[in-house]
Amino acid sequence: MPAKRGPRIIDGKKTSGIILEELKAEVAALRTKGVQPGLAVVLVGEDPASQVYVRSKRKTCADLGIASFSHDLPANATEKRLLALIAKLNADPKVHGILVQVPLPKHMDEQRVLNAISPDKDVDGFHPVNVGRLLNGEEAFVSCTPAGCQELLTRWGYDPAGKHVVIVGRSNIVGKPLAALLMQKAKGANATVTVCHSRTKNLAALTRQADILVAAIGVPEFVTARMVREGAVVIDVGVNRIPDATKKSGARLVGDVAFAGVAKKARAITPVPGGVGPMTIAMLMRNTVLAAKRAGK
Ligand SMILES: NC(=O)c1ccc[n+]([C@@H]2O[C@H](COP(=O)([O-])OP(=O)(O)OC[C@H]3O[C@@H](n4cnc5c(N)ncnc54)[C@H](OP(=O)(O)O)[C@@H]3O)[C@@H](O)[C@H]2O)c1
């Protein structure tokens, strides 16, 4: 008897590489017209994970020909100082996008800081104006991780239209905006969306109904095979560092999905790392190019 074929691995690294190449060409074309997209990347403090993210965003800008403006503030910087910097960046015509790396130090009000970014430069898509526009189906900066999930689905041939998408997680940066995005009456959307969270009763009965299951929970390997329908498409947004004595660093990354078991039932699945993660940064670059184009209009 032939062995059961494994699922398709939705390779986000490969897809993000293709998108970055497309963007590189767009940036080159803009530059011949005298416009160089510019992204200001603001880091407050020395959180090691944030430093890694910020470095990689700045490097990707350089690879694409996008100007990146680095602003590193000490962990004890006041919120007033950060707000003054944001005001300066809002007014700077060379800066098309502003990214403030979160989490911010505890003494700062994160939402107040993010709300200070001009909605026209809000390439992270966290500003209430962009969130509202997304919900209304208007042109908006869509937050990068949800946009990356949608892009993976459509580019790999899993159009959400008419499908039942079950999202586990209702955060403002992943679950909620992804639900808003996929329920739109628009290309790459038109899904029937169910959003689950920690108060959801009988979670597995709901996740088993999913044609497309998205896990954005933050709990290592939470979604197990018994929670997944045979033939479902599984998108794992989770990034969790767990101890692993066999690794030099003493840890490894796992998603919110128990990959080995779920892969036996899924039609297609994203790996961690190398799935949604690389798409998030590609979408940030796409939003920055979009911001530059809109500013030029
Ligand atoms: N790949 C990327 O680029 C990227 C970007 C962002 C986040 N992430 C990762 O994605 C994961 C989620 O991030 P987040 O910021 O959305 O996390 P979050 O703000 O902590 O939200 C987690 C969500 O999961 C729900 N949840 C927690 N335990 C649950 C349970 N036992 N049953 C059902 N639902 C449960 C929570 O429900 P309640 O609302 O009821 O508390 C909440 O809605 C994390 O691993 C994070 O590292 C990855």
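Predicted model: local features only at pLDDT ≥ 70, side-chain atom pairs only at ≥ 80, totals over all residues.
1. Packing of α3. The residues of α3 that are buried are Glu-79, Leu-82, Leu-85, Ile-86 and Leu-89. Viewed along the axis of α3, these buried residues fall within an arc of 120 degrees, so they line one face of the helix. An α-helix has 3.6 residues a turn, so residues three or four places apart point the same way. On the face of α3 turned away from the buried side are the exposed residues Lys-80, Lys-88 and Ala-91.

2. Length of α3. Helix α3 covers residues 79–91, which is 13 residues, and at 1.5 Å a residue it should span 18 Å. The C-alpha atoms at its ends are 19 Å apart, which agrees with that expectation.

3. Largest pocket. The volume of the largest pocket is about 1700 Å³. Its lining consists of 48 residues, and those nearest the centre of the pocket are Tyr-53, Thr-145, Val-239, Gly-277 and Thr-280. Two or more lining residues come from each of α1 (12–32), α2 (48–64), β4, α6 (144–155), β9 (240–243) and α10 (276–296). Helix α2 gives the largest share of the lining, 8 residues. By residue class, the lining of the largest pocket holds 24 nonpolar, 15 polar and 9 charged residues.

4. Cis peptide bonds. Val-102 and Pro-103 are joined by a cis peptide bond, with omega about 5 degrees. Another cis peptide bond joins Val-272 to Pro-273, with omega about 0 degrees.

5. Positive phi at Asn-190. Asn-190 is not a glycine, yet its phi is positive, about 60 degrees. This residue lies in the loop between α7 (175–182) and β6 (192–196). Is Asn-190 partly exposed or buried? Its relative accessibility is 37%, and therefore Asn-190 counts as partly exposed.

6. Positive phi at Asn-202. Asn-202, also not a glycine, has a positive phi of about 55 degrees. The loop that holds Asn-202 runs between β6 and α8 (203–207). Asn-202 counts as exposed because its relative accessibility is 57%, and the cut-off for exposed is over 50%.

Technical notes. Residues numbered from 1 in each chain as written. Heavy atoms only, no water. Helix = DSSP H or I, 4+ residues; strand = E, 2+ residues; numbered from the N terminus. Expected span 1.5 Å × (residues − 1). Buried < 20%, exposed > 50% of the residue type's maximum accessible area, 1.4 Å probe, protein only. Arc of directions from axis to C-beta. 1 Å grid on protein atoms, 1.4 Å probe; cavity = no way out; pocket = protein on both sides within 12 Å on 5 of 7 lines; lining within 4 Å. Points joined across faces, edges and corners; volume = space filled by probe spheres on them. Nonpolar A, V, L, I, M, F, W, Y, C, P; charged D, E, K, R; others polar.
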